[in-house]
Amino acid sequence: MAGYVLRRFLQLIPVFLGATLLLYFLVFSLPGDATAAICGEKGCTPAVEASLRAQYNLDEPFWVQYFLYLKGVLTFDLGVNFAGREIATIIAEVFPTTAKLAVMALVFEAVFGIVFGLFAGLRKGKFFDSTVLVVSLVVISVPIFVLGFLMQFVFGVKLAWTNPTVSGDAGFTELLLPAIVLGLVSFAYVLRLTRTSVIENANADYVRTATAKGLSRPRVVSVHILRNSMIPVATFLGADLGALMGGAIVTEGIFNVNGVGNTLYRAVQNGEAPVVVSIVTVLILIFCLANLLVDLLYAWLDPRIRYA
Amino acid sequence: MRSPRTPKLLSVAAVALLALTACGGGDNSADAGAEGDTGRVIIADGSEPAQPLIPTNTNEVGGGAVLDLLFAGLISYDADGTPQNEMADSIDTEDAQNYTIKLKEGKTFSNGDPVTASSFVDAWNFGAAAKNAQLGNTFFESIEGYEEASAEGSTVETMSGLKVVDDTTFTVTLSQPESDWPLRLGYSAFYPMTAAALADPATYGENPVGNGPYKFAGEGAWQHNQQIELVPNESYDGPQKAQNAGVTFKIYQNDTTAYQDLISDNLDILKTIPTSDVKNFKNDLGEERSIESPYAGNQTIAIPYYLENWSGEAGKLRRQALSMSIDREEITRVIFSNGRTPAQDFTAPVLEGFDEDLPGSENLEFNPDEAKKLWAEAEEISPYNEAEPLTIAYNADKGDHKTWVEAVINGLKNNLGIEATGKPYATFKEARTEATGGALTGAIRSGWQADYPSLYNFLGPIYTEGAGSNDARYDNPEFDELLSTGLAASSVEEGSEIMNQAQEMLLEDLPAIPLWYQVAQGGWSTNVTNVEFGWNGVPLYHAITGK
C-alpha cells in the first residue's frame, strides 16, 4: 500500500513538468503582445514598452522564459503578475475561496445525488423515479449560466433571501447559492449514476443471499447495495472536484466570486503566462491527489480490490 | 472657457481665478448635498486597478477613479469640465511657454506632509524618467527636457524645464508654446506625490497617501479584486469636499452582476449600465434613479492608409462614401436606445470650443445616394480590389461591440453594395498589437475617452504623424502644422478655432469615420441621492449623499 502511494507520488513529477511546459507554450503562443494589454488603449512609448518587456522577460525566447519560470518555482518564487503582485499571494487569496465553493458544491451533489439516486433506483419505474429522471434531464440540458442567472434573480433579487453577489469574506451562507448552482449539473450526473448502479446491484446474487440470510432491509440497502454501488460514483466525484475548482468560471462570474476561475480568465486575457501556469499547475496537482484518494477508496468500498 | 481675455496674462489664469470666485454659486452639487444624509458610506462599482495606485503609472479607469478621489492636482474639473483651482493659487504665463505656478499655503497630504513645489516637480520627473517606465509617461512630453529623460536607456532623471523656486512656487518651461497645457494639469498623471512614494513606489502603490478629498480607510484598505475602502480626508479643504462618510469601491468582474446588486439595493451607484439592460434600466429604476449624461468620449472606425483600397484620391472618396452610408441616427436609436448621439465631428460636444457645424460635417450625414455617386467616382480613378473586402476589427472581450459593428456592416452592404465583414479579436491586446504594429488587414473600431477637457486631446494623440494612437497612419503635414499653431495660440479660445480648422481637414480626409458620442448611462439605489455625472462620464462621488 505505502509503496503504491509512493509510486503514485513519483508519477506527479513528469505530470508537473509536462503540464507546465505545455501550458507555458500555449500561453506563449497566444496571439498579441502582452505589453499591449499593459499599455491599454492609449499605448506606451517604445522606451516604456522595452522596459516592460525586459522586466517580465518578454523579450526572451520561449525556452529561456520557461526555464526562468521553472527555476523560480523550484526556489519557491513564482514571480509577479503584470500588476507587480506576488503570484503566490494571489494563489493564497483565491484558492481558499474556490476550494470552499467547490467542496460545498461537492458535498451538495454527493449527498443529494446519492440519496435521490438511491431511492429512485430502489423504486425503479415508479412515479418518484420518473420525476427525478425528468428533473435531472432538465438540469443537465439547461446551460449553467441560465440556471445561475435565474437563481440569482429569483433568490437574490426578487425574494432577497441572499445577496445576489458574494462579498470579499465569502462566508458559508453567501456561498450557498453559488455552490448549489455550481453543483447542480454534477448532482444530476451523480443521481443518474447512483440510480443505474443501484438497480444493477439490487439484482446481484450477493444481495439475494443477504436478504435470504434474513438481514434487515436497511442493512441490505446500506451495506450491500449502496456501498457496492459507490465505485462509479466515487470515480466521478473524484474527477469532479478538479473540474469544479477549475470550471467555476461561469458561476464565479455570475456571483462575482473572487476565485480561481476569474483570476485565470483575466490572466489568460492579459497573456500572463506565469500566473496561468502556476494556477493551472496547482489545479492539476489537486486533480491528481483527488484521483489518488479515489483509487484508495476503491479498496475500502470493494474488498475484492487490493493494492500492492 | 467663457471668460473675457485679458491682454498679456493668459486667460487660463484668469479663468482659474474666476472659477474659484464662482465656486459659491456654481457648485450646486455641494450645496444640494447639505439636504442629504452626509453620514452614509457610498458603495460604488469599480474595477480592479491594473497597476499599483501610483498617479504616473495609471492609464485605465479602474485605478483612475480611485486616484481622482485620493489626490488633488493643481486644478480639478467641475461637472462641466471647467477647470477650478485646487492646489494651485495661480498658474501664470505670458507666452504660453513659460509658466509660473504658485501653490496655496498650508496644503498637506493626508499623513501631514506638506504639499510643496517639490511634491509636484519630483513626481513629474519620476513620471517622465525612462528608468521608471511609467505608463503615464507621455503626459509630460510637452515639458522641456522630456526627450532626454524619457529616451530608451536614458539615465537622466530630471527634466530641464522644471525648476523649484521656493516651497510654494515652481516654474515650467515647455519645449513649444501650448496654450491648453494648463488644462491638462487636473489629469491624474500630474498629481503630487510624497517623497516616500518616490523612494518606494511599489509599497506606496498598495497604500497610497494623497492630498485629495478621500484617503484609504487604513492599511490594506485595498482588498484586491474585492473592494477599496475610502474615507473622507479631513485635511482636505477644496471644491470637492466629501458630502458622505466614505466611498467603497466594490470590484466587479462584469457589469451584469453589478446591475443585479444595484436593483436589489446592495450597490449604491453603477456608472455603466450593462448592454443587456440598457433597454429596461429606466423602467427598473425609474427616472429619478437613472441618468443619461453625455460625456467626453466618442467611437470611430479607423481605416489604415496602408490599405490600397483606402489610400489616395480614390481612397478618400471611398471613405466619404462609407461614412455617408452609415445611418448613425438609426443605429444609436435602435441599438443603443438613444444611449449614444450621432457624431458631427472628431471630438465631443461637452468640450469647450466644440462646433457641430464645421464645414465637411455633412460627410457624417446619412446620404446613400451621394455615397453611391462618390463610390462610382472612386471606381473611375482606380477600381476597388474585390479580393480584399473590407473588414471591421473589434475586440470581443470588453465592451459589446459586435452588435453595432454588424449594424454598420449591414448599412454598407445595403447602401453601397460592397462586401464587408466584422473581424472579432479574442482579446484587446491582440487587436492593439496589430494596430500599433501597422499590421491590420482592414478597419478597426477605435474609441477615445478624454483625459482632460480639450479639443486637442481628441486630435493630437490620434491623428498627428507618429502619434501613439494613430492607427490609421494618417500623415498630413498641413494638419500637424495647424495643430501646433492652435496649441501655440495665445488663448484656448483662439486655439480651439484653429483646432476646428484642422478638423475640417479630417472631415474631408476621414482617416477615421466618426460614429457617435458616448453617453454615460448610470443608475443608483434607493438609499442615495444627489447623484451627478461629470464631463468624463464618472459620477461626482464626493457629492453623493444618503437619503
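**Burial.** I call a residue buried if 20 or more other C-beta atoms lie within 10 Å of its own, exposed if 12 or fewer, and partly exposed in between, with C-beta atoms placed from the backbone. By that rule, 56% of the 547 residues of chain B count as buried.

**Ground rules.** I noted that this is a predicted model, where local features need pLDDT of at least 70, side-chain atom pairs count only at pLDDT 80 or more, and totals for chains, interfaces and linings use all residues. Residues are numbered from 1 along each chain as its sequence is written, while chains are lettered from A and ligands numbered from 1 in the order in which they are written.

**Overall form of chain B.** I found 18 helices and 20 strands in chain B; these are DSSP runs numbered from the N terminus (helices H or I, at least four residues; strands E, at least two). The radius of gyration of chain B is 24 Å, close to the 24 Å from the globule rule for 547 residues, so chain B is as compact as a globular protein of that length. That radius is taken over C-alpha atoms, and the rule is 2.2 Å times the number of residues to the power 0.38.

**Domains.** I read off domain 1 (12–250) and domain 2 (294–519) in chain B, with bounds from an automatic or database domain assignment. Their C-alpha centres lie 32 Å apart. Where they touch, domain 1 of chain B gives 14 residues and domain 2 of chain B gives 17 residues; contact means C-beta atoms, placed from the backbone, within 7 Å.

**Where the chains meet.** How many residues does the contact take from chain B and from chain A? I got 39 residues from chain B and 37 residues from chain A. Helix 15 of chain B gives the most to the chain B side, with six residues.

**Cores.** A nonpolar core is a set of buried Ala, Val, Leu, Ile, Met, Phe, Trp, Tyr and Cys residues joined through C-beta atoms within 7 Å. The largest has 159 residues, and B:A321, B:I392 and B:L459 touch the most other members. This core draws at least three residues from each of domain 1 and domain 2 of chain B. I then followed B:A321: leaving aside neighbours within four places in sequence, its contacts include B:L374, B:W375 and B:L416.

Key
Two residues are in contact if their C-beta atoms, placed from the backbone, lie within 7 Å.
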